[in-house]
Each structure stands twice: as structure tokens, then as C-alpha cells.
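Subject: Structure handover

Hello,

Here is the structure we talked about. Please open it first, then read the notes below.

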Amino acid sequence: MRTYAHLIDDYDDDEMWPRRKPKTKAKRAKPEIIDMVEEENSVEGGFNPTFSSSKHERAWIITYLGPFYEEHIISDVLRQVKGGKEATVYCCEAHPSMGVDLIAAKVYRPREFRQLRNDAQYRQGRRVLDDQGKLVKDDRMLHAVAKGSAFGKQLAHTSWLAHEYRTLQTLHAAGADVPRPWAIGENAILMEYMGEEGIPAPTLHETRLDRDEAHDLFERLLHNIDLMLQHGLVHGDLSAFNVLYWEGEIKIIDFPQTVDMAANRDAFMLFQRDVERLCQYFNRYGGAPHPRRLATKLWRRYVPEDNFEALNLLASQQEEDDA
């Protein structure tokens with residue numbers, strides 16, 4: 001593995017970028033919709049998950065994970081792993097034909113229920129994808145997205161999922177430490193599960209490492225960041241909260257907001273924030289680098305000097321505005 005020790009210098013404990021709590025609450029599905037879903041899936045031999053949930057949640061599980069059951073990708077939904085403002089992750093029993101025991105199912109909240117902050121910032125320069133992951137070229141569809149009509153918002157929501165799935169495909173094929181993507185459907189992505197049925201892999205934030213292992217994992221994460229940059233990608237929300245740890249291995253998760261470093265004018269600011277958050281976590285084990293210098297050195301490998309200076313100036317101006 002390529003070493004990144006030469007990039008490390010003294011760490012400067014700069015203030016991290018704070019998170020804001022969402023201001024709105026998720027809406028609930030209408031009772032008649034839930035009853036309809038329950039009735040349609042109550043026939044003998046149909047999808048009948050053993051996971052015990054509310055009637056509302058069960059309706060979403062049956063609606064969005066039922067097709068994967070019919071396609072013989074999963075056999076059951078066993079338990080909820082994680083609930084979030086954007087999606088809920090479930091541990092599923094894989095169909096015997098898949099060659100694995102468990103599969104993680106990430107079920108997104110429908111577009112009108114999602115509470116992602118700064119959604120538009122991540123969409124800058126991003127092309128619209130359809131439910132097959134292909135570029136949308138139809139002018140009327142693109143106009144609907146730009147206009148923000150109900151149809152356009154649904155297309156944008158579909159594109160949001162498709163970008164995460166395609167990013168996982170790209171990075172997994174490149175050898176990055178990301179979950180293997182299995183399948184994508186309406187409002188859901190199936191991917192590699194990390195952990196055991198009753199013990200899902202914790203995040204780095206929840207894990208205590210020894211000093212030597214922390215050093216090795218930090219270098220491994222730098223390798224992954226570098227690999228993303230090689231493919232023109234910035235995670236955009238990377239921290240110890242979305243790196244899973246299991247028996248010495250890591251998996252980086254949550255890629256819907258990933259941005260194109262060449263097309264998004266905020267790409268460097270987001271990249272710098274990613275590096276700062278990782279350095280903040282690993283600084284507790286000693287020897288973490290100065291995050292902004294590290295981000296600059298990594299970025300300059302792949303961005304022409306003139307473009308970098310323009311982005312760096314923009315980032316500095318943004319920092320002054322936020323101060």
C-alpha cells in the first residue's frame with residue numbers, strides 16, 4: 001500500500017465545520033396507502049418480512065424491498081441497522097443464490113420526506129441520471145428538473161440514488177474500501193453488509209483503536225481519498241461517522257452527495273472539510289497532520305495550478321464569511 005507519511009506535518013487544531021440540525025419533520029404516509037400495501041402483500045407466498053416494525057415502516061419495506069425478494073436477491077428483512085434523516089438501513093437475509101449470508105438494504109426516504117441540508121450545493125455541475133444510471137438527455141425532462149416541478153423533483157430524487165449507486169460501482173471496481181453494490185431499485189440500494197446479523201459493524205466514531213492500528217487506518221483512508229481524487233470524486237461528507245470498522249477492516253459509506261471535483265465549484269471546500277474531520281478524529285491518537293496543508297497537497301496532485309489557486313481563493317473567502 002502506498003504510504004502517505006511524507007504528507008504529514010504538525011497538526012493545527014482548527015475549528016471544525018459544525019453540523020446543523022434539520023428544521024423540518026418528516027411527514028407520514030397516508031393510512032389508505034399503508035392499508036393498500038398491506039393488502040396487496042398479504043397473499044400466501046408473498047413477501048412477508050419477519051422484522052417487527054410499525055405499520056407505516058412495514059409499508060415502505062414491502063414497497064421498496066419487495067421487488068428484490070421477487071428477484072431472488074434477498075429472502076427476508078431481519079432487523080433495522082440504522083435510521084437517519086435521509087435513509088434507513090436494514091440487515092437482510094440474502095437469497096442462497098447470492099453467495100453471501102447477509103445484505104444491507106439502504107431505503108431512502110421519499111423525496112418529500114428527506115431532510116438533507118445543502119442539497120443544492122452537492123448538485124452543482126452534476127448530470128441527471130435515470131433509474132438505470134444512464135444520463136438523461138431529454139430536454140423536457142432536464143427542463144423539468146431545472147424548473148423544480150413535481151415531475152422534475154422526482155427525477156432529481158431518482159438521480160440522487162443513481163449517483164450513489166454508480167459511485168459505489170466505480171470505487172468498488174477501483175479497489176476502494178467501499179461496500180460492494182448489489183442492486184438498485186425504486187428508493188433503495190442493496191450493498192455488502194459489514195458485521196454479523198445481531199452485531200452490525202460500528203462506525204469509527206464508536207470505536208476505540210490502539211495507536212498503531214489508528215496510524216494504519218489513517219493511512220488507509222488517505223489511500224482511499226487519493227483513489228477518489230484519481231476518479232475525479234470528492235466524498236463531500238466524510239468523517240468518522242460514516243466509516244464502518246469490523247475486525248481491522250474499514251468500509252466508507254454514504255455516497256449520495258459525492259461531487260465531481262472538476263464540475264462543482266465548492267469541491268475543494270468540501271474536500272478540505274472531509275480531510276479536517278478525519279484529522280480531527282485521528283488526532284486523539286497523536287500524529288495527525290495539519291488538515292488544510294494535507295488537503296492542499298493531495299488536491300494539487302490532480303488539479304492544475306491555476307484552477308487550484310482559484311478554488312483555494314474561493315475556499316478562503318468562504319471561511320472568512322463563515323467566521
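Start at Asp-254, which is partly exposed, at 23% relative accessibility. Keep in mind that this is a predicted model.

Salt bridges

The side chain of Asp-254 meets that of Lys-106 in a salt bridge, at 3.2 Å from N to O. Lys-106 sits in strand S3 (residues 102-108), while Asp-254 is in the loop between strand S8 (249-252) and strand S9 (259-260), so the pair ties together parts 148 residues apart in sequence. Lys-106 is buried: its relative accessible area is 5%, and buried means under 20%. The pair also belongs to a network of salt bridges that links Lys-82, Lys-106, Glu-164 and Asp-254.

How many salt bridges does a search of the whole structure find? The count is nine.

Another one joins the side chains of Asp-226 and Arg-301, with 2.7 Å from N to O. This pair links distant parts of the chain, 75 residues apart: Asp-226 is in helix H6 (residues 211-230), and Arg-301 is in the loop between H8 and helix H9 (305-322). Asp-226 is buried, at 1% relative accessibility. Arg-301 is partly exposed, at 28%.

Then look at Arg-265 and Asp-266. They form a salt bridge, and their closest N and O atoms are 3.7 Å apart. Asp-266 is buried, with a relative accessible area of 6%.

A helix pair

Next, go to helix H7 (residues 267-282) and helix H8 (residues 291-300). They pack at an angle of about 130°, and their axes are 9 Å apart. The two helices are therefore oblique to each other. Their crossing is right-handed. On the H7 side, the contact is made by Ala-267, Phe-268, Phe-271, Gln-272, Val-275, Glu-276 and Cys-279. H8 brings Pro-291, Arg-292, Leu-294, Ala-295, Thr-296, Leu-298 and Trp-299. By type, the residues of this contact are ten nonpolar, two polar and two charged.

Last stop: Thr-158, in helix H5 (residues 150-173). Thr-158 is partly exposed, at 23% relative accessibility. Which residues does Thr-158 contact, leaving aside its neighbours within four places in sequence? They are Leu-129, Asp-130 and Asp-131.

Best wishes

Terms used
Residues are numbered from 1 along each chain as its sequence is written. This is a predicted model: local features need pLDDT of at least 70, side-chain atom pairs count only at pLDDT 80 or more; totals for chains, interfaces and linings use all residues. Side-chain values use heavy atoms; hydrogens and water are left out. Axes are lines fitted to C-alpha atoms, for helices over the stretch in contact, and angles run from 0 to 180 degrees between N-to-C directions. Helices (H or I, at least four residues) and strands (E, at least two) are DSSP runs, numbered from the N terminus. Angles under 35 degrees count as roughly parallel, over 145 as roughly antiparallel, 65 to 115 as roughly perpendicular and the rest as oblique. A crossing is left-handed if the near helix is turned anticlockwise from the far one by less than a right angle, and right-handed if clockwise. Contact means heavy atoms within 4.5 Å. Ala, Val, Leu, Ile, Met, Phe, Trp, Tyr, Cys and Pro count as nonpolar, Asp, Glu, Lys and Arg as charged, and the others, Gly among them, as polar. Buried means under 20% relative accessible area, exposed over 50%, partly exposed in between (1.4 Å probe, protein chains only). A salt bridge is a side-chain nitrogen of Lys or Arg within 4 Å of a carboxyl oxygen of Asp or Glu.
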